Amino acid sequence: MAEAIAAVCKDVKLPYIFKASYDKANRTSISSFRGPGLEEGCRILKKVRETVGVPVLTDVHDAHDCARVGEAVDVLQIPAFLCRQTDLLVAAAKTGRVVNVKKGQFVAPADMRHAVNKVREAGNDKVVLTERGSSFGYNNLVVDMRGWPSCASSRRSSSTPLTPYNFPRRATAQRRTAEFIPLLSRAAVAAGVDGIFMEVHDNPKEAKSDGANALDLKNLRSTLEQLLAVHGSVARP
């Protein structure tokens, strides 16, 4: 997948960061696939980084994992449900790697400045925020595009790009949301985000995790071309 997506991104002249998880500790069911684990996962991620030649990002759920993970990847991602966990944010910051913090579904966009400040105060100014949607009643996440300028205030003291947008995924395990990826990503680009966080798979029906929310690889090029067209048509401040 890394090679295939990297090839598409190269063709359309877009930078690409590969994302995969060595352990998805926040699965809905205890029997859900979680990944290969810390050591094997880091080995695979490091291999992708070296052989494909792209930056690599992965989630961290435990502060004790951060130092080991930092040896294998370029970006440590803090899951949305853990965006207020001080020890995790500090441990990720101390690796010196870029720290990507997903906005909690329960957090007001402007309040993400607290997570940003924790990373910075731990000595790391390389912090990025990713929109994760906001809870809108039960079993539904909605991206409020007004959150982008609210989050933008968090980066006024840093030159680091702020917010690749991540779109709301499944409301339930059976609910498919992949059809909304092109629509929401176009809206996010029009709103002025710095990057797009997108799940892509060459066979979503067979994906071990989040297949119902993944863009089919065959549709990636056309989707990215649409985003480039939107980006080119929107006046930038």
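**A tour of the fold**

The protein has 8 helices and 11 strands, where helices (H or I, at least four residues) and strands (E, at least two) are DSSP runs numbered from the N terminus. This is a predicted model: local features need pLDDT of at least 70, side-chain atom pairs count only at pLDDT 80 or more, and totals for chains, interfaces and linings use all residues. Residues are numbered from 1 along each chain as its sequence is written, and side-chain values use heavy atoms, with hydrogens and water left out.

Start with the whole chain. Of its 237 residues, 46% count as buried (buried means under 20% relative accessible area, exposed over 50%, partly exposed in between; 1.4 Å probe, protein chains only).

Next, select Asn 100. This residue sits in strand β4, residues 98-102. Asn 100 is buried, at 3% relative accessibility. Now show its contacts (heavy atoms within 4.5 Å). Beyond neighbours within four places in sequence, the partners of Asn 100 include Leu 57, Gln 77, Thr 130 and Phe 197.

Move to Glu 179. Find it in the loop between β8 (164-166) and α7 (181-191). Glu 179 is exposed, because its relative accessible area is 58%.

Finish at the cysteines. Cys 42 is buried at 1% relative accessible area. Cys 66 is also buried, at 1%. How many disulfides are there? The count is 0, taking a disulfide as a pair of cysteine sulfur atoms within 2.5 Å.
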